Amino acid sequence: MAVKSNLVKSPSPLGDDSFIFNSIANLVIAVDHRGRITIFNRACEKLFGITAEQAKGRLISDVIPYTGLIKVLKTGQAHIGRKFVLGNALYITNRTPIIKDNSIVGAIGVVQEITELHHLAEELKQVTKQKNALESIFDHTHEGYISINSEGYINFINQAMAELLAIAPKDALGRHITEIVPETKLHLMPISGQPQHSELMRFGEQSALVSRYPVVKNGKIDGSISKVIYQDIDRLAALATRRKTVKPGAPGKGASYTLDDIIGCSKTIGRLKEIVRRVARGPSTVLITGESGTGKELFAHALHAHSPRCEGPFVKVNCAAVPENLLESELFGYQEGAFTGARKGGQIGKFELAHGGTIFLDEIGDMPLYMQAKMLRVLQEKEIERLGDRYVRKVDVRVIAATNRDLTKLTEEGKFRQDLYYRLNVVNLNIPSLRERKEDITVLVDHFINKFNREFNLNVQSCSTKVNRLFAEYHWAGNVRELENIIERAFNLVEGEKIELEHLPHYLTRQGTDGKEATAEKTLPALLENVEREALLDALEKTGGNKLRAAKLLGISRAWLYKKIKQYQIET
Ligand SMILES: Nc1ncnc2c1ncn2[C@@H]1O[C@H](COP(=O)(O)OP(=O)(O)OP(=O)(O)O)[C@@H](O)[C@H]1O
């Protein structure tokens, strides 16, 4: 169809090109210098329910009472990108003055409905949030995931997988899978389309169970994903044969403990509980000291549970377990782009997570000096700064710190800031070793027997007299934790209702039955080594042989765990 052009006729100063404006989906409305409507296109007619004929020549304030065009006319200032709501719809408008020979001869507004766009933006926000949440879940799982596109290029890799492949996630993204895992078959998946379940594969020294699945989009294979279930099958198999008697469901730490969970009938424990009751009410920083395994963490939980902050969060950070270069971002968080490899959207730090509650800084004696300076500021100012951020954020957090190291000695050696030590040591709870409160052993033994009866579904009643005597004489270098581990170990072997000497670890019974060996074994280093070895075995068993999780459980780095495994020649 031929379209006749009569554009040449345009007598009005603002133009009378109504047929052009009528072809535009946007609302177009213009007024002259007195505010009288000169342009009122079809989209306006539809929205306001009057014809252009009826609108033209009328004051705009009579037709659209709240319009901003009058203001534009008066001030000569344009309104760009202003949003407004009319009925159920959202609009965006640009209003500009019409200037001719240096004077304002009118104003024009162009309006676009953006309800749909707004919904899309909201949806996008939601999707981004979900994506961030998923990324966070993937990064905290111990299963490794890697995915590639249909051409074999890596488009996702989580932290566990990156660790297994000994590569930083950012260095893997965008590279071909065969560059990173030469022996993989993952890139062949889009061709075969057949999932492969639980295939044994070696990653350097370790072997793992790998499953591969195609990623299907709109009925077509768009890539594939690989999932590593057990990162060290050899170790798992070795453990399975060694511990056939182990019942599933080894105890996991509860989220929170109260004073009732702290068992002990000694005067010291009674006095400490009394102090906790009083101190918990106030805001003071508390430093808990004591040998490893004495129950420092338990006391930290109780302080929180009995404080007015008990409804708020309790956040634990093990300062020795977080790699030094990550500690600052772990504690204070970071903004997007703060460093290479920083997560999109940034990450909130533990201090902010603990807002309104308590932060428990375990192993504070291992905090690097530069971080100690930053900690001091937080304690003094109660404010933190995310890495790469310009803003200072106020936090309302109670700090409880713990250490099994001698902080006074560390300050003398220049390894711990004296000013920080004073700031932390406002209230000191010193938990005595178990050998200094031997009267607690019997009640603790009863407590652990009850606990493990529930977990193992057994009916153990007591320990034999010989066992009790041995427990009373023993040095307990690993304190309550060692006692708990020994009882748990006995539950794996006991058959009747009594724990006998034969259910105890060899190093312990040797002390009781053979005087000579006992003297040799009683040296502190030997005792500590025994405890350390036991703790390693225990953690590996509890975590099904997962070294990363075992290291986390023990509060040590993975590198340190490997070193210890080698030192004690633990079977892998
Ligand atoms: N008085 C107690 N009553 C009951 N259980 C206890 C007691 N003391 C310690 N435990 C148990 O002993 C184990 C070690 O306790 P906890 O982790 O609190 O010690 P810790 O002093 O913080 O050790 P570390 O310095 O190695 O971190 C935990 O399983 C805890 O539940």
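Helices, taken here as DSSP runs of at least four residues in state H or I, are numbered from the N terminus. In this predicted model, Ala 166 lies in the loop that joins helix H7 (159–164) to helix H8 (169–172). The backbone at Ala 166 adopts a positive phi of about 55 degrees, although the residue is not a glycine. Because 9 other C-beta atoms lie within 10 Å of its own, Ala 166 is classed as exposed, the cut-off for that class being 12 or fewer.

A positive phi is also found at Asn 102, a residue other than glycine, where the angle is near 70 degrees. Asn 102 is placed in the loop between strand S4 (89–100) and strand S5 (103–113). With 5 other C-beta atoms within 10 Å, Asn 102 is therefore assigned to the exposed class.

Cys 310 is located in the loop that runs between helix H13 (296–305) and strand S12 (314–318). The count of C-beta neighbours inside 10 Å is 15 for this cysteine, so Cys 310 is described as partly exposed, a class that falls between the limits of 12 or fewer for exposed residues and 20 or more for buried ones. When residues up to four places away in sequence are left out, Cys 310 is in contact with His 304 and Ala 305. Cys 310 and Gly 356, which are separated by 46 residues in sequence, are 9.2 Å apart in space when the distance is taken from C-alpha to C-alpha.

Conventions. Residues numbered from 1 in each chain as written. Predicted model: local features only at pLDDT ≥ 70, side-chain atom pairs only at ≥ 80, totals over all residues. Helix = DSSP H or I, 4+ residues; strand = E, 2+ residues; numbered from the N terminus. Contact = placed C-beta atoms within 7 Å.
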